[in-house]
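Here's a quick briefing to read alongside the model. Have the viewer open and click through as you go.

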Amino acid sequence: MSPRPTTAIIDLENLKFNFRSVKSFVGGSPMCMAVIKADAYGHGTKECAVALDQAGADWFGVATLEEAMELRTAGIGKPILCFGGVWPGQESEFLKFDITPLIFDIQTAKRISNAAGIGTARVHVKIDTGMGRVGVPFAEAAAFAAELSFLRNLEVEAIMSHFAAADDPDEADFTHLQIDRFHAAVAEFQSRGTRPRFLDIANSPGAVAFPSSTEDMIRIGGLLFGLGGDVLPPNVEKPELKPVMSLVTKVAQVKRVPPGTTLGYGRTFTAERESVIGTIPIGYHDGYRRGLTNKGRVIINGEYAPVAGRVSMDWTIVDLTDVPEPTVGAEVILIGRQGQRTLLAEDLAREASTISYEITCGISGRIPRVYVNG
Ligand SMILES: *Cc1c(COP(=O)(O)O)cnc(C)c1O
């Protein structure tokens, strides 16, 4: 069966380039955890993991047990940290497949300790230093450390935390406050006999903009996929990054319409002039967001063409009036480069009022991923 031409092209050489670029930019000796949760930010877990394993990732970070298992099935033998908690019933799988749980409450710690039986389970502890999402509240670190010290078959291998606003230079004071709270919390564990082998707090913006936060390991997600334009602070020195995902399709139909013609659901676009209109086989079910209605752009024959009218579930209409020689079957770039024109995930994000991560994560399973330069 030949699929429709709507495809995400994933450049594994650029993925490896970004890994090396971030590592050399950060410098020093911190280990690097490749964060490939959410299907590697939409790029494909298995293929990205294998490439990053080859590039030298020390750890992998995922959000769910299912994602961790996918890595083990793909043959990844490196340590895997699962950020998403250990839900009742998952304890034995974590132990059996050697997936490192991140713990943030004492009940979970006890369940893992019990499941470990006479063995030892290695865990990482998450401290909430100001993100307010999951984590042992920093003010309760001492009590938590004391309770944890009674669970003899748990080994606290690492203590970590997560930044709330390391991407925002105006929040630098808060980021430094988080670092201070983190060190104070770690000291509470150390004074109760816990000796974590390493500490980690830096995500992508932390590692780039707050060198003092790199500790023993950095946890890098977005930068690996070349997504830096909208999640790094604007005025700092940055590692060189290359986009990893391109999104392409082909024109399905071309028509000429007279002025006054309205297009799409809700008739939100009216042709002001005699126009050439193209229809392309991608819509919001594919992750081409409805927020791009009358805002997004694509590249066809080396020229930008604006989205005309509402993005629908399976189709999007584009205005080809200013595109040279628009024909059925012409290649359409939704993310990527053609000739002198470029569209980044960051550009779509701006037009759809979101961030680049949500754009690439949102490219749905209906779109096949094609891997190049593997
Ligand atoms: C997603 C995530 C990261 C990676 O964040 P990036 O901004 O993509 O580098 C790091 N740590 C935790 C706990 C995360 O959930």
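This is a predicted model: local features need pLDDT of at least 70, side-chain atom pairs count only at pLDDT 80 or more; totals for chains, interfaces and linings use all residues.

The protein has 11 helices and 21 strands, and its ligand sits in the largest pocket.

**Overall build**

- The C-alpha atoms fill a box of roughly 80 × 45 × 40 Å, taken along the principal axes.
- Of the 374 residues in the protein, 51% are buried.
- Among contacts with a sequence separation of 6 or more, 66% are between residues 24 or more positions apart.
- The protein exposes about 16,200 Å², and carbon and sulfur atoms supply 51% of that area.

**The ligand and its surroundings**

- The ligand, which sits in the largest pocket, is surrounded by 16 residues. The closest are Lys37, Tyr41, Ser204, Arg219 and Gly222.
- On the nitrogen side of things, a ligand nitrogen is 2.8 Å from an N or O atom in the side chain of Arg219.
- For oxygen, there's a ligand oxygen atom 2.9 Å from a backbone N or O atom of Gly221. An oxygen atom of the ligand is also 2.9 Å from an N or O atom in the side chain of Tyr357.
- How much of the ligand's accessible area does the protein cover? The ligand has 390 Å² on its own, and the protein covers 92% of that.
- Which elements give two or more residues to the shell around the ligand? They are α2 (37–41), α9 (204–209) and β10 (217–220).

- Look for Arg366 in the loop between α11 (356–362) and β21 (369–372).
- Arg366 counts as partly exposed because its relative accessibility is 33%, between the 20% and 50% cut-offs.
- Not counting residues up to four places away in sequence, Arg366 touches Arg4, His285, Asp286, Met313 and Asp314.

**Glu331 on β19**

- Glu331 lies in strand β19 (residues 331–338).
- With a relative accessible area of 39%, Glu331 is partly exposed.
- Leaving aside neighbours within four places in sequence, Glu331 is in contact with Val248, Thr249, Lys250, Ile299, Ile300, Asn301 and Gln338.
- One of those partners, Gln338, also makes a side-chain polar contact of 3.5 Å with Glu331.
- Glu331 and Ser312 are 19 residues apart along the chain, and their C-alpha atoms are separated by 20 Å.

**Backbone angles to check**

- Most residues other than glycine have a negative phi.
- Asn294 isn't a glycine, yet has a positive phi of about 55 degrees.
- Buried, exposed or partly exposed: which is Asn294? Asn294 counts as partly exposed because its relative accessibility is 34%.
- Ser353 isn't a glycine either, and has a positive phi of about 55 degrees. You'll find Ser353 in the loop between α10 (345–351) and α11.
- Ser353 counts as exposed because its relative accessibility is 66%, over the 50% cut-off.

Technical notes
Residues are numbered from 1 along each chain as its sequence is written. Side-chain values use heavy atoms; hydrogens and water are left out. Helices (H or I, at least four residues) and strands (E, at least two) are DSSP runs, numbered from the N terminus. Buried means under 20% relative accessible area, exposed over 50%, partly exposed in between (1.4 Å probe, protein chains only). Contact means heavy atoms within 4.5 Å. A residue is near a molecule or strand if one of its heavy atoms lies within 4 Å of it. A polar contact is a pair of N or O atoms within 3.5 Å; within protein, one must be able to donate a hydrogen and the other to accept it, and residues adjacent in sequence count only if both atoms are side-chain atoms. Accessible areas come from the Shrake-Rupley method with a 1.4 Å probe; for residues, only the protein chains shown count as cover. On a 1 Å grid over the protein atoms alone, a cavity is a set of points where a 1.4 Å probe fits but cannot get out, and a pocket is an open set with protein on both sides within 12 Å along at least five of seven lines; lining residues have an atom within 4 Å of a point. A molecule sits in a cavity or pocket if more than half of its atoms lie within 2 Å of its grid points.
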